[in-house]
Amino acid sequence: MRIVLLGAPGSGKGTQAAILTEQLEVPHISTGMLLRAAVEAGTELGKQAKAVMDRGELVSDDIMLGLIEERLSAPDADGGFILDGYPRNLSQAAALDTLLERLDKPLDIAIQIDVNAELVIGRIAKRAREEGRSDDSEETVRRRMQVYEERTAPVVGHYADKGLLTRVLGEGSIEEVNQRIMAVLRAEAAT
Ligand code: AMP
């Protein structure tokens with residue numbers, strides 16, 4: 001299955017993708033993780049990306065498209081994938097449509113994980129304490145939420161227009177949310 005997971009920062013997208021990758025045996029492709037790996041490795045791309053990420057802004061569409069094209073072209077993505085963190089704005093969504101058409105890997109479904117804003121802020125604060133992510137400071141989190149509302153939230157409409165969108169409630173335990181997603185995927189596989 002070829003899946004895009006959507007949701008605000010702290011919606012549990014990454015956590016769910018990490019479980020789904022085991023259940024579905026398809027790669028979990030997180031652009032945030034790819035970028036953090038580039039930062040760790042100290043590559044030129046990583047150096048450019050770090051400052052942008054630490055401000056809570058979006059890395060340029062050109063850089064992101066290059067990164068995602070390389071990753072989606074890898075053989076392990078032939079049998080499907082779970083995209084987490086891409087697309088992040090409408091132009092990335094259009095670029096992804098074109099790329100997947102060219103690779104002959106059309107999306108099966110986009111799943112939006114819905115959570116209320118207060119829950120999200122609490123979860124991010126917890127992650128900041130546990131993982132020490134440098135982009136989890138209060139100011140950066142506020143900016144990331146703003147960027148999400150302005151730039152990323154419209155991507156939900158893009159997939160709704162294409163008839164690919166399903167919404168799942170992201171509240172409750174990790175297992176509960178996973179079961180909701182698996183139910184949606186089973187229904188999709190049956191069609
Ligand atoms: P994430 O782990 O998905 O929350 O991503 C962490 C940060 O990486 C974001 O706040 C952005 O600065 C950057 N990033 C991740 N994915 C993208 C993307 N698709 N487009 C632009 N920037 C991204």
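A polar contact is a pair of N or O atoms within 3.5 Å; within protein, one must be able to donate a hydrogen and the other to accept it, and residues adjacent in sequence count only if both atoms are side-chain atoms. The model is predicted, with local features needing pLDDT of at least 70, side-chain atom pairs counting only at pLDDT 80 or more, and totals for chains, interfaces and linings using all residues. Residues are numbered from 1 along each chain as its sequence is written, and side-chain values use heavy atoms, with hydrogens and water left out.

Start at the ligand. A polar side-chain atom of Thr31 sits 2.8 Å from a ligand nitrogen atom. Arg36 brings a side-chain N or O atom to 2.9 Å from an oxygen atom of the ligand. For Arg88, a polar side-chain atom is 3.0 Å from a ligand oxygen atom. The protein covers 96% of the 480 Å² of accessible area that the ligand has on its own (Shrake-Rupley method, 1.4 Å probe).

Now widen the view to the shell. The ligand is surrounded by 16 residues, each with a heavy atom within 4 Å of it. Among the closest are Glu57, Gly85 and Gln92. By class, six shell residues are nonpolar, four polar and six charged; Asp, Glu, Lys and Arg count as charged, Ala, Val, Leu, Ile, Met, Phe, Trp, Tyr, Cys and Pro as nonpolar, and the others, Gly among them, as polar. Helix H2 (residues 31–41) gives the most to this shell, with four residues. Helices (H or I, at least four residues) and strands (E, at least two) are DSSP runs, numbered from the N terminus.

Next, the charged pairs. The structure holds eight salt bridges, each a side-chain nitrogen of Lys or Arg within 4 Å of a carboxyl oxygen of Asp or Glu. One of them joins Asp84 and Lys13, with the closest N and O atoms 3.4 Å apart. Asp84 belongs to strand S3 (residues 81–84) and Lys13 to helix H1 (residues 13–24), so the pair ties together parts 71 residues apart in sequence.

Finally, the backbone. Tyr86 and Pro87 are joined by a cis peptide bond, with omega about 0 degrees. Pro87 lies in the loop between S3 and helix H5 (90–102).
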